[in-house]
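Subject: Structure for your review

Dear colleague,

Please find below the structure that I am handing over to you, together with its sequence. My notes on what was found in it follow directly after.

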Amino acid sequence: MASPSQRGGTVTTAINEAGQPYQYRRVELVEPDWTRFPGWRDVTREQWEDAQWQRVNCVKNIAQLRKVMGDLLDERFYADLVTDQQQSATMSMLVPPQMINTMVPHAEPDTEAFYADPVRHYMIPVASDRLTEWRSHPHASRDSLHEHDMWVAEGLTHRYPTKVLAELLSTCPQYCGHCTRMDLVGNSTPAVSKLKLTLKPVDRYDAHINYLKAQPGVRDVVVSGGDVANVPWKQLESYLMRLLEVETIRDIRLATKALAALPQHWLQPEVVEGLGRVAGTARARGVNLAIHTHVNHANSVTPLVAAAARAALDAGVRDVRNQGVLMRGVNATSADLLDLCFALQGEANILPYYFYMCDMIPSAEHWRVAVWQAQQLQHDIMGYLPGYATPRIICDVPFVGKRWVHMVTEYDRDNGISYWTKNYRTSIEATEADALTKRYAYYDPIDTLPESGRRWWAKQEQLTAA
């Protein structure tokens, strides 16, 4: 009889010969060399790791992008970018050097490599990325999740029975092309005139706290924006300490893409020390304090990102979790998702938590995937990661909320219409008798449908126009 070690060797050989759909190989994190970009040839490590330098040197327009890139990109890319900004972009350009440095991270980029890069694909979208037909779904809307409709105070969305979303401000250190809050966040673009917060921050924060004190059924607050990294630390700490004084609040989550896009912010001594004070108070009061960040590709997970996550955990934050967005051209393959999850969980101490299907905002169809594709991806990533670090793929259905992609009640694959049910009322449905019994529709991108489905939607469009 073969020994256990011999048996193990035989099994290993058989598996390798058969071939696994995904082969794990540990990849240690490396900070890409920013001096490969002509505009940053002389930037020192001290400058690069300084949060203020990163903010001052964000790329906000094409002229600044040209300065960084030198002669690496052809004119056709800039022309493509101009067209998109004038005709389609729902977010203005704002990209920190940290994020640009994760585009084509292992070489000096040329035009084709920059076009193909997954991080560029959603941070600096161009016109040729977008679909020429069905660029926006007929049911797309600027506030696709109706968060503004559910405001109970300015910037405070009460969508779920026990949870609220607190939007403290309407700016971020960076603007992502697929932003679900494109109706409010960032500067207006030629395609979108943004809504504006009107109250002074102190009055907005007072309104939030007063509402929460009067709502003992709310136990969970997601503190977001925009991005909390753009709130001056003293203001943010004061707000969080006031939340911690509300006896019924048991969970607080800080939403910040800046942990990945501007990790230098979260490594500042003032921020780390302040986070420690908030975490200590939360721990003493039995409140779970977590950071939720937003990383969409493994290339964006670098040693600085890992250091920022470690600093937060060492300060006493219970968890640092990732909520990515599933997007074609970025991460919509099982290999890309698994690479990202292993980088997050194995190298940066960031827990893969959710991957949302990209929301139904205007001009986003080239990013979105169909429900069946999301279901297949959930299937394909199972079994490789530890169970606690296996992310759930989520469809955020308008008026329903987060649903695992396999929870669909009915699905018309031909026409790309899925139907969902829910088990609670939002804050605007208190008097709707059928809120818990009716079905709510969600729509696949039309270009993913069979020919019969595309013809059906074309006919609906003609009927609407008539």
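In this predicted model, Asp 412 stands opposite Ile 417 of strand E12. Strands E11 and E12, the latter spanning residues 417-420, are paired in the antiparallel sense over 3 bridges. The two form a hairpin with 4 residues between them, and Gly 416 in the turn has a positive phi of about 65 degrees.

On its other pairing, E12 is joined to E13 by 4 bridges, and these two strands run antiparallel. Within that pairing, Trp 420 has Tyr 440 in E13 as its bridge partner. Together, 3 strands make up an open sheet with antiparallel pairing, in the order E11-E12-E13. Strand E11 (410-412) and strand E13 (440-443) each have a single partner strand and stand at the edges, so one side of each is left without a neighbour in the sheet. From one strand to the next, the twist averages 20 degrees.

Helix H16 (residues 371-381) lies across E11, E12 and E13, and runs at about 120 degrees to E11.

The loop between E13 and helix H17 (451-465) contains Thr 448. Thr 448 has a relative accessible area of 18% and is therefore buried, the cut-off being under 20%. Leaving aside neighbours within four places in sequence, Thr 448 is in contact with Arg 328, Ala 370 and Gln 373. The C-alpha atoms of Thr 448 and Ala 433 are separated by 35 Å, with the two residues 15 apart along the chain.

I turn now to the other sheet. In this open sheet, 10 strands follow the order E1-E2-E3-E4-E5-E6-E7-E8-E9-E10, and the pairing is mixed. Strand E1 (151-153) and strand E10 (401-404) are the edge strands, each pairing on one side only. Neighbouring strands of this sheet are turned against each other by 30 degrees on average, direction ignored. Strands E7 and E8 run parallel and are joined by 6 bridges; Val 325 has Tyr 356 in E8 as its bridge partner. Helix H9 (residues 201-213) packs on the sheet and touches E1, E2, E3 and E4, its direction making about 170 degrees with that of E3.

Leu 254 belongs to strand E5 (residues 251-255). With a relative accessibility of 0%, Leu 254 counts as buried. Apart from neighbours within four places in sequence, the residues in contact with Leu 254 are Val 223, Val 228, Leu 240, Leu 275, Leu 289, Ala 290, Ile 291 and His 292. Leu 254 and Met 123 lie 131 residues apart along the chain, and their C-alpha atoms are separated by 22 Å.

How many cavities of 30 Å³ or more does a search of the whole structure find? The search finds 3. The largest cavity holds about 870 Å³ of space. Its lining consists of 38 residues, of which Thr 180, Arg 181, Ser 224, Ala 255 and Gln 323 lie nearest its centre. The elements giving two or more residues to this lining are strand E2 (156-160), strand E3 (163-167), strand E4 (220-224), E5, strand E6 (288-293), strand E7 (319-326) and strand E8 (351-357).

Finally, a word on the cysteines. A disulfide is a covalent bond between the sulfur atoms of two cysteines. The structure holds 0 disulfides. Cys 179 is in no disulfide, and the nearest cysteine sulfur, that of Cys 172, is 6.2 Å away. Cys 179 counts as buried at 17% relative accessibility. Cys 341 is likewise in no disulfide; the nearest cysteine sulfur, that of Cys 358, is 18 Å away. The relative accessibility of Cys 341 is 0%, so this residue counts as buried.

Yours sincerely

How values were computed
Residues are numbered from 1 along each chain as its sequence is written. This is a predicted model: local features need pLDDT of at least 70, side-chain atom pairs count only at pLDDT 80 or more; totals for chains, interfaces and linings use all residues. Side-chain values use heavy atoms; hydrogens and water are left out. Two strands pair if DSSP finds at least two bridges between them. Axes are lines fitted to C-alpha atoms, for helices over the stretch in contact, and angles run from 0 to 180 degrees between N-to-C directions. Contact means heavy atoms within 4.5 Å. A disulfide is a pair of cysteine sulfur atoms within 2.5 Å. Buried means under 20% relative accessible area, exposed over 50%, partly exposed in between (1.4 Å probe, protein chains only). On a 1 Å grid over the protein atoms alone, a cavity is a set of points where a 1.4 Å probe fits but cannot get out, and a pocket is an open set with protein on both sides within 12 Å along at least five of seven lines; lining residues have an atom within 4 Å of a point. Grid points are joined across faces, edges and corners, and a volume is the space filled by probe spheres set on the points.
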